[in-house]
Amino acid sequence: MKTSVIILIVIMSSYLSFAQPVVRYDLVIHDTIVNYTGKERKGIAINGQIPAPTLYFIEGDIAEIHVINKMHHETSIHWHGLILPNEQDGVPYLTTAPIAPMSEHVFRFPIVQSGTYWYHSHTMLQEQIGLYGAFIIHKKEEPRYSEYTMVLSDWTDEKPEQVERSLHQATDWYGIRKGAVQSYSEALVQGHLGTKFTNEFKRMMAMDVSDVYYDKLLINGQPEQEASFAKQDTVRLRIINGSSSTYFWINYSGGKLSVVANDGADVEPVSVDRLIIGVSETYDVKVVIPDDGKYQVLATSEDRTNSASLWLGSGIKIPSKTLPKLEYFKGMEMMNDMMTMGGKMNDMGMNMSLQQMDMNTIMYPEIMNGEEPIVTLNYNMLKAPKPTTLPNAPFRELRIELTGNMNRYVWTIDNKTVSETDKILIKKGENIRIVIYNNSMMRHPMHLHGHFFRLLNDHGEYSPLKTVVDILPMETDTIEFHASEEYGDWYFHCHILYHMMSGMGRIFQYENSPPNPQLPNPKKALRKVYADDRRFYLGAEIGLESNGSDGEISLSNTRWSFGTEWRLGINEHAGIETESHIGRFIGANQFFMPYVGLDIRSRDEEELKDNLFGQSNTKNERAVLSAGFVYVLPWFITSDIRVDQTGRFRVQLSREDIPLTPRIRLWGLWNTDYEYAFGAKYILSKYLSLSTHYDSDMKYGLGLTFTY
């Protein structure tokens, strides 16, 4: 008996000495009020912090994380960049059960890697209002060194739901706030009037570097941070771009940046003057404190409208050079050469890949006018310290095209959203190669859940490992990954939050995956996933002027539009008219929309001449069903061709929102019933404008226009 006990004790002691340590964190999520710019707005905090607390682990630990949701709405946590069992990945309704209000969810998974990662909500727009934090994993027996974690983020005083809705309504308010409208008057002053005409002739929106205007940019939740270090200290900066849609330029006033890791994976050190970090990417960068003083790590948004600072060292502050304003019309000129009339990107015979030819470079005054060359990091400079070639297994190649419609803010892959496509089936053990071409005017940081991939570059078998690849317009990049997981659905999507919610993604599914116990009704769960890009957005423009009211209300999503427009005069002579339509957008650029509708008019006016087609003109009295189509012509002139149930035709040409100056907009319309109108408005705020117009029926008017 004693011998058995001794043997048992020895076995247990041996097991305990080799057992992986369990590291537990409790994360309590609750609503909070945030005030960064003098305006209070709802946010989400974890353990009272925005961003959430940094979680620290050592490779080989077991992570046990208790997420307690104290909010009155559901939430989720995705562990960005981590290799872990599928049901722990944290995408609600796809891999993991959503965390219900007033409930607790326990994540438990082994830590099988090291590096700089992060975590964030994957529920609706919660990431935009504070639900994100750093996830740092040290190597076993790693020597201790000075380090500092920088979580970069963006903050808007608007509710993110309003930001998203406004983007789908082609708002120009963010361009006004950024000084980036590119109006006709600005084009004239800068000698680019021809560039502007060509731009609109090709039906291209004004050059847009970043979708949203942000009131503040933050480092660890503050616009400015300080960290004390001594002269000649080497500091490892763990930089995480936890923003919703902002790219950050990183500059350091103390000298060079030595890049040593990207997306958690080590790379051979490479010395640069600056780098741009894509949305959701992470970089580990070593810097030296050269002397006494505080040296600035300056994080500037790609559109250069705002920045955040980290000061390293002690003593007098030594600032970095601020980045000058972008030269938008030079970028517009370049885009005119790249874009065809049909809205396709023209590759112009250039071999563009790996961020080596940033089309935005022409807009950078510091590059074009600088005396000394600036070394900027690109993906071709990244080299893995060990070979990253995939196992000897069959390869399957996929080709995908990143597509989008800036006018209506629809973002797709191969012109289809997530809900419009089937899952991509893959087999465990095979190698997947994906060739990605960006045929849109925006850059897209594409993130693959649960896997590292090789980004093929000139280093061949030493090509770097990544979990996010930022793909510039016109660029083609190739990634490869080994289907190493056992089962499950894995999301592949653009990490710009508003692009992802619009539908820019795909789902990889391992064949013969067992049922997910966290999702007992998989069909219902998948419908919830698909619902994100099927949502409808409300828009309206309502004029209240001295001659009456005219306006339009619409409800639209990726493919469908429901709209009602009206003109209500102040007397019987001016009359009333209203038209309602249901239409579906066709084609990649959605220039074409067939529709059916109802047209009602009533006014007291003398008998009219026939319309342009020799048919009796019924613009005074009619109540008819109609069918037709809308097609967007060059210069954004909208042609509307329709026939009603009586066989009468009408053709209408109109143009809205002609940017004479950044805030003065012109518009006009004419149709074959000999109706016409033209007007102007001065934009006071996002929702309110001074307006005036002349209508052939309602005559002159002056007042206000509300835009929603």
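Six strands form an open sheet in the order E22-E21-E24-E29-E26-E27, with mixed pairing. Strands here (E, at least two residues) are DSSP runs numbered from the N terminus, as are helices (H or I, at least four residues). Two strands pair if DSSP finds at least two bridges between them. The edge strands of the sheet are E22 (410–413) and E27 (465–466), each of which pairs on one side only. Strand E21 (residues 395–405) runs parallel to strand E24 (residues 431–438), and eight bridges join the two. Within this pairing, Glu 401 has Tyr 437 in E24 as its bridge partner.

The model is predicted, so local features need pLDDT of at least 70 and side-chain atom pairs count only at pLDDT 80 or more, while totals for chains, interfaces and linings use all residues. Residues are numbered from 1 along each chain as its sequence is written, and side-chain values use heavy atoms, with hydrogens and water left out.

Next come the aromatic rings. Rings of Phe, Tyr and Trp (its six-membered ring) pair if their centres lie within 6.5 Å; planes under 30 degrees apart count as stacked, over 60 as edge-to-face and the rest as tilted. The whole structure holds 21 aromatic pairs. One of them joins Phe 492 and Phe 508: the ring centres are 6.0 Å apart and the planes are at 55°, so this pair is tilted. Because Phe 492 is in strand E30 (residues 489–494) and Phe 508 is in strand E31 (residues 505–510), the pair ties together parts that are 16 residues apart in sequence. Both Phe 492 and Phe 508 are buried, where buried means under 20% relative accessible area, exposed over 50%, and partly exposed in between (1.4 Å probe, protein chains only).

Phe 613 and Phe 649 make an edge-to-face pair, 6.3 Å from centre to centre with 65° between the planes. Phe 613 lies in the loop between strand E36 (592–602) and strand E37 (621–632), and Phe 649 lies in strand E39 (residues 649–659), so this pair ties together parts 36 residues apart in sequence. Phe 613 is partly exposed, at 41% relative accessible area; Phe 649 is also partly exposed, at 43%. Elsewhere, ring pairs link Tyr 25, Phe 57, Trp 79, Phe 107, Phe 109, Tyr 119 and Phe 135 into a cluster.

Rings also meet charges. A charge sits over a ring if NZ of Lys or CZ of Arg is within 6 Å of the ring centre and within 35 degrees of the ring normal. Arg 41 lies over the face of Trp 155, 4.2 Å from the ring centre.
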